[in-house]
Each structure stands twice: as C-alpha cells, then as structure tokens.
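I wanted notes on one helix and on the spaces inside this model. The entries follow the order in which I looked things up.

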Amino acid sequence: MTGLIAFREIVLKVHSRCDLACDHCYVYEHADQSWRARPKVISPEVISRTASRLAEHARDHALPSVTVILHGGEPLLAGTARLRLVCEEFSRALTGIAALDLRIHTNGLQLSTRYLDLFAEFGVRVGISLDGDRAANDRHRRFADGRTSHPLVLAAVALLRSAPYRHLYQGLLCTVDVANDPVAVLDALVELDPPRVDFLLPHATWETPPARPDDAPDAYARWLLRIFDHWERLGRPVPVRLFESLLSTLRGGPSLTESLGLAPTDLVVVETDGTLEQVDSLKSAFEGAAATGFNVFDHAFDQVAAHPGVRARQLGLAGVSDSCRRCPVVRSCGGGLYTHRYRERNGFDNPSVYCTDLRELVDGVEGRTARRETAPQLSDPAELARSQEELTRILLARLNADLAGDPDWAHAWELVAAVERTGGAGAGALDAVLDHPFTRTWVLAALDAAREGRRGGAEAARRLTALAAAAVLRGGLDLPAEVAYRDGEVYLPTLGLLRLGEPGTQGRASLRVTDEGYVVRDGRSEHRFGPAAGDARWQPVRTWSPGPDAAPVALEDLDPYRNCFPRPPRLRLGAGETEEWRGRLDRAWALLHKAVPGFARTAAAGLTTLTPLAGGPRAGGWGEAGRSGPGALGVPYAAGVRETALALLTGRRRTRLRALTEVTDLYALDGEWQHPSPWRSRPVPVSRLLADVHERVAVEAYRRATAGPEPGGSDRIHEALDRLSAAAELTVTGKRLVAELRYELKAVDA
C-alpha cells in the first residue's frame, strides 16, 4: 500500500497480569478492561507468528532496524523460558533482514541474575519504572496489600548497575505526580545513575481529567519546570527525554518522544493473544479505543498501518485540532499525547487536557534557554564567517571523498596539501582562495556532477590545481605550481586570467614566484606576468574600495563560476566601463551611508566580491544573491546610482540571510507550513515570509530617507512580523532574528 508509514517499533505483551497494584496504571485502572479476557502469558504460536510478521514488514519496507519492547502487565512474570523463546524467535526471523533492538520494560520486582544473564546473551536492554524517592514511589506503586515496592526496585536497579550488566541499563521511567516533591524526585533518580530518565504525565482525558490538588491549570508545568531548573543547576547530570525533546524542537530538530511533537507514530502493540492494537495509552480513553480488529495470524502489519486510527496519528500538523494548528508552540507540544485529547462528544479533535501545562512548559523551557540556544552566528559576523569557511572545507572534503580515485584529482589534492603544510603565509594564502565566494560555487557544481554520475574529475582537478597555484603565488611559496589549461587560458582564483595559447588549445604550464612578479613556463617558452609585468596575456581581477578604511572588493568579471546568479553576468568590462562602474558604485555607496548609515555599515561587512550582471535593474531594484559563498553579490551593470544603492542594500540583506540559513537553523523544514503574506496572493512558507521581511525592513528605511515611505509599507511589515512571531516552525534563533527585525523597524518608524 502506498503512503504507509512503516512500523519500526512493536510493543509485545508477553504477560497480561502484574505483581503490583499501581492505582495510576492505564491497563488495569482505566476505561478499557480487555486484559481480563486475554491469556496471562503469550503463547509460542503468537511469538512465532509475530516474529514472522515483523520480518515480513521489515523486508517489504527495507527497514534497517526494528525495535521490540517486551511489556505487560509485568513481562518478567512470563518466566525465563518464555522470554528466551521470544528472543530466539525474533533473532532468527530478523537475521539478514534488519538489525534487532530488543528491550524490556519492567517494574523490576522479579529481576535477578537468571533474567539478566538471558538479557546479556541477546542484548536486551532494561528500563525500570520508578517514581522517585520512597515517599513518591509509595504514593502509587504498591502491592495489592499496601506494602511498599521501593526497596525491591532499588535492589533491582543496583543489580542492573553492577559490572556484568551495566550495559543493559536503559533508564528509568517516572510518572509525574504533582503532590510529590520534584527536587527530591529528581535527586532520587539521578542517584541511581540512569542512562536516561523519562517523565510521563499521568494518562487522562477531558472525561477523566488529571488530579490538580490546587486547581491550577498549569500545575504539571510548574512541577516539571522545577525539575528542569534543578536539572540545570546540577549540570544536566542525566539525559531527560522530555526536556531534550523540547530543546530539540525549539532548535528546529525532531521530537524525541511520542508524547510531544508532530512526528508520525510508528508503533504497534501485540497483545498476548496476538491481537494487533494501536498505542497502549488509548486504553485510558474508552473501552476498545486501541482496537483495530486485526491479529497476527490473519493480518499483515501493513493492514494495521492503514487503519484510520493509526493514520490519524501520522498526519502531523493536519492531525491536530484547529486551535492547536494556530498555536505557536504546536511543533514542540504536537497537541500533546493523542490519548490526552479525548472528549466523548468529538473524539480526539481537541487540544490536550494538559494544554495549558504544555504551553507553559514549552514557553518556560524556551525562556530559560533561549539566550544560550541562539546560534552565535546571528549576532557575531566573525562567527558567521568562520562557520561559512568551515562549511566550504566540509564540502571540499566531501568532494575529495567522491573523487579520490581519479588520478588527476589526487595529484591536484596533493598540491593543495603541500601548500597547507607550509603553514604561515602559505596557509593564509590557501585560506584566501578557499574563501573566494566562487570556490563554493565550483565545489557545489562538482558535487552535483559526482552525485549524478557525470564525468567531472578532470574539470574539478583543473580548478583545484589552479586554486593551489593561486595560493602558491599569493603566498610567495617556493613550491612547484603546475596548472592545466583548456581553450588557451587558465583562471587563477582571486588573481586573474592567464592566456597561454590560442583558443582551442590545451596543455600544462608551471608557475613560480620571482622578485618582480610571476613567471609561467609552457613547454620551452617562459614569460613574466602579474601586477607589474604589463603582459597583455594577463588580465588581473580588478578591485573597488567602498571607503577609505574598507578592504578592497573584487570586481569579478573573469571567474568562469561567476555565472551563478539568476541572471547572466557581463563579459569582461573594458577599462572605461570599469571606471564608469566604480564611479557609480562610489556614488551609490555614499548615498547609502547618507540615507541609512546603520544598514550601510552592515551591508559592507563581509562583502568581498561584486559581479556585474547583464541588463538593467529588476522591478524593485533588488540585488542578486547567487549559489556562492556569502561574500559575493551580483549587481546590474546598467543600473543608475539609486538602483545600484538599492541593489547593494537588498542584495547584502539577501546574502546575509542565506549565509545564516546555511549554517544555522532558523526554522524547521518538516511540514507544509504556509502563511499569508501581505505582498503575495498566495500563502508562502516561513522561509519566503522571513526573507521578504528581512529585505523590506531595509528597503522601507531606504525609501523613507530618499523618496518618502511607501503607503502602507510599514503596516505590511508589522503584519508579516506578527505572523512570523506566531509561526510554530521558527527556532529560538529564528525568533531572535524576528525580534531584531522588529527592533530595526521600530527605529525606522521613530
């Protein structure tokens, strides 16, 4: 069946009874009492058939791994013989098909070396339920006669932590009770050194709401935030899945637990009689809520995956209530656990019964961590530049891995390595050519060619040898620098274009540094070129200075990889054209500094390369960001001074935002999120809305200073900022950027 989400995890009920009488247990104390009619222990036939069904499912969906969680009741009551059969059958069935991750969740009362020896043999990891210190645990987890279970659970954990078995220790699961002391609960759990702690809200619905001793709608949030604060004070001594899931989603990452976030469910439950059911917590809603009508003997797992109840929990944003879809924290809370949304009159089409708690919890964690969770690249241009430099090197290393078997590439790579080994001036010169914006363009194009199976090794090697040669010349290194040329010329990144023959010719030439400049030897001939050589065969990269204290900016009209903008670049400018363009750039830059000095200073930071583009300005006068490193900008050559100023301003805003999105997470990309835009007829993704606002704040400032405000322009930006503030997919860094844009607009409106 198409469109199905495969089950990667099954909960296998190996025993349907328990040796404790926990009064908060969803299996025995809540609405669904189907356990009474089921066999106490799973049969060999159910075990074998379930293993076969899982292997079939894993094979059909090419799953690399599957997880099987042994559950109950209390699964240890099944005994070692039955549990060994489970381990053997599933291991046999999955061999050669998918990796098997076996786990067991237990109250620990029966745990002994005979169980742990079995688990060690099959790699079964053990999770134990424990609600904290003795007072907290005894509030619910008692024997039927009222006796405490706490000492026996501590003994089980101590055995699990002992040297032979420590690697099987999966963690502790704690059900929240706001009557307990949260600090004491966390301290008691941390003392047992678990690999992970899970905090679970007690199962409840709108029909059977959770206990709230003080009637406060956010009691559970306040309790969990006290845990969070103490966890932080202790230095996060153990992973806490609830908190780590929230931190992950706030950064734009995935949810790490079924109880939060919008990730689709991929779990199915197999009861002791082979009945296939939905997630077990649904038993808290009503009798038969988890039922599917399927079983392992007659039905494949794909049939369960197609069940409407299962599909409802795989719809992401579309699967939550209307009020949840409009909530800015929905990506983190996900509408809460599906079970907790139940109301008799309309089923599960509701926010969670813990809605207020979840909103307060998400906001509380974000408020406590936003400053340190915000990417430093947002506020530190130097950090953004370092991250971009690292990104280019990562991409280049990936290209090397793709082309390592090509002899031309291997030779060129060794030249680059030789330059880097010189250190000092050589390493600095290599950094300069690697950080040239069009180096990124070339690497990305070469990666595309390698990924698509096109022959690109020779072409990539030519560019890499030219890059190494440019570093040798820039650094004044006494190293052999051999380049390959095609069509009679070779471009040396950041330096210029050297003509070595007639069009259509190709060959190799060696370059070296002299006191007077550079020398090229091609066959038996040798001649000088470079800044002072006056050789017509040498066309240097020209520069322009945006100010007396600013670093020169390359006017790049030679690099063959400059053709990376939405419109084509101009061919090499004549000397007169270059001077004319420099003059326009000077006047445009002066206009920017007079009209919007703050925006102009920001635009100048990191600008390294300007490429003249063919044609005049587009409507609106936007500058062009290309598929390049962040220092490059394309500007229409034929634009007037005002249009050139606007192109510099908007283009730099665009390149800055692109640079940020390449090295930080400003928003999540895991759903079809769409937002109304004041400037577009159709809803747009948050990336487009953010880009529009990011540019238009600067444009509004420029227009007010030069031609007067656009009617309604500021109002539309405010409207878009309000929509961005409510966008659930923005990360903490994205929200900080929106706050900065509000501050900029406030200054414009003042």
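I began with helix H18 (437-451), a DSSP run of type H or I with at least four residues, numbered from the N terminus. H18 has 15 residues and reaches 22 Å from first to last C-alpha, close to the 21 Å expected at 1.5 Å a residue; the expected span is 1.5 Å times one less than the number of residues. The model is predicted, so I kept its limits in view: local features need pLDDT of at least 70, side-chain atom pairs count only at pLDDT 80 or more, and totals for chains, interfaces and linings use all residues. Residues are numbered from 1 along each chain as its sequence is written, and side-chain values use heavy atoms, without hydrogens and water.

I checked burial next (buried is under 20% relative accessible area, 1.4 Å probe, protein chains only). Twelve of the 15 residues of H18 are buried, among them Phe438, Trp442 and Asp448. After H18 comes Gly453, with a positive phi near 80 degrees.

H18 also gives two or more residues to the lining of the second largest pocket, as do H15, H17, H21, H22 and H25. I read its volume as about 1,100 Å³. A pocket is an open set of points on a 1 Å grid over the protein atoms alone, with protein on both sides within 12 Å along at least five of seven lines, and lining residues have an atom within 4 Å of a point. Of the 45 lining residues, Ala605, Gly606, Pro630, Gly631 and Arg652 are the closest to the centre of this pocket.

Note on methods:
1 Å grid on protein atoms, 1.4 Å probe; cavity = no way out; pocket = protein on both sides within 12 Å on 5 of 7 lines; lining within 4 Å. Points joined across faces, edges and corners; volume = space filled by probe spheres on them. Buried < 20%, exposed > 50% of the residue type's maximum accessible area, 1.4 Å probe, protein only.
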